[in-house]
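Hello, and welcome to this structure. Here are a few notes to read alongside it, beginning with the ligand and moving on to the sheet.

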Amino acid sequence: MSDPWQECMDLCVEVTKRAGKMIREALQKDIAVMQKSSPVDLVTETDQKVEQLIISSIKEKYPTHRYPASLGRSSASFYVILVVPEKELWSKNAIFFIGEESVAAGAPSVLTDNPTWIIDPIDGTTNFVHRFPFVSVSIGFAVKKEIEFGIVYSCIEDKMYTARKGKGAFCNGVPIKVSGQEDVTKSLVLTEMGFKKDPEHFKIMLANVKTILTIPVHGVRSPGSAAVNMCLVACGAADAYYHMGIHCWDMAGGAAVVTEAGGVIMDISGGPFDLMSRRLIVASSRAIAERIAKEVTEFSVGRDDTEG
Ligand code: LIP
């Protein structure tokens, strides 16, 4: 059977390499840091430039790929949205973009059944700002809300993770798979603590870490890039990763890699994974994923496809 998305994936690998080079070059210069939604939600000019590079390179090859249309929202910075009547919002054959920095500039964040590029130009912006060496470019491509392929380029380590649905996961062309660990007491668990730190969430987040540590597990780590975290589970360097408060662009590329590497992905509640839900567990086995779902207390993080 023909694979209609392979050409998009090949382009994606090539563009991601160029994006990684741009990030490495930017690390040699001064980095001006700006805040987005909170003092711990950072952005730099490089995030924006890398996203422009990725989207303009895709548009060069596929001029019809575009942002979803919007009802009367103004166009901002580097993206242009179409303003059309509501019934034409989701044209059947359109291929869309969701990009972290485009959404920050006002582009719609909606996942339809249409093929959609989901782009994080720098996953691990805080790491980038501090030159902490886990910084990735992450791109997933979803069709009917299922991820068809995912690319995560950990560009300081020069590790290119790739996965195509049904065809396995690779790091720099070499097949990878999860550890297969089933015993949570022998596991290394990843999580992140970067979500807005209001007192209630902060308390639950820290309590969750304590609960997981006292299962006990071998250890808990926070590398600082969701996409890299998923790839670490995918290649067996860690056995699980859970997080509440991330976004679809943090998850899309890595979700493909970890799934194709034989990992399990689910919602933090233990239910089915939902790309727009801002929460997930990935693990080397269902037993570990379910144990983490059982131990962790949920807090509300909103969704990517609703305001706020
Ligand atoms: C970041 C994640 C990181 C998480 C932050 C943030 P960004 O993505 O990858 O692991 O702790 O909350 O979402 O903003 O650097 O693309």
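1. The shell around the ligand is made up of 6 polar, 5 charged and 4 nonpolar residues. Here Ala, Val, Leu, Ile, Met, Phe, Trp, Tyr, Cys and Pro count as nonpolar, Asp, Glu, Lys and Arg as charged, and the others, Gly among them, as polar.

2. Please keep in mind that this is a predicted model: local features need pLDDT of at least 70, side-chain atom pairs count only at pLDDT 80 or more, and totals for chains, interfaces and linings use all residues. Residues are numbered from 1 along each chain as its sequence is written.

3. The ligand is surrounded by 15 residues, and the closest are Asp123, Thr125, Glu192, Gly194 and Ala226. A residue counts as near if its C-beta atom, placed from the backbone, lies within 6 Å of the molecule. Strand S4 (residues 116-123) gives the largest share of this shell, 3 residues. Strands (E, at least two residues) are DSSP runs, as are helices (H or I, at least four), numbered from the N terminus.

4. The ligand lies between domain 1 (6-175) and domain 2 (184-295), because both give residues to its shell. The domain bounds come from an automatic or database domain assignment.

5. Now to the open sheet, whose 7 strands run in the order S3-S4-S5-S6-S7-S8-S9 with mixed pairing. Strand S3 (96-99) and strand S9 (174-175) are at the edges with a single partner strand each, so one side of each has no neighbour in the sheet. Two strands pair if DSSP finds at least two bridges between them.

6. Within this topic, strand S7 (residues 159-164) and strand S8 (residues 169-171) pair in the antiparallel sense over 3 bridges. Tyr161 stands opposite Cys171 in S8.
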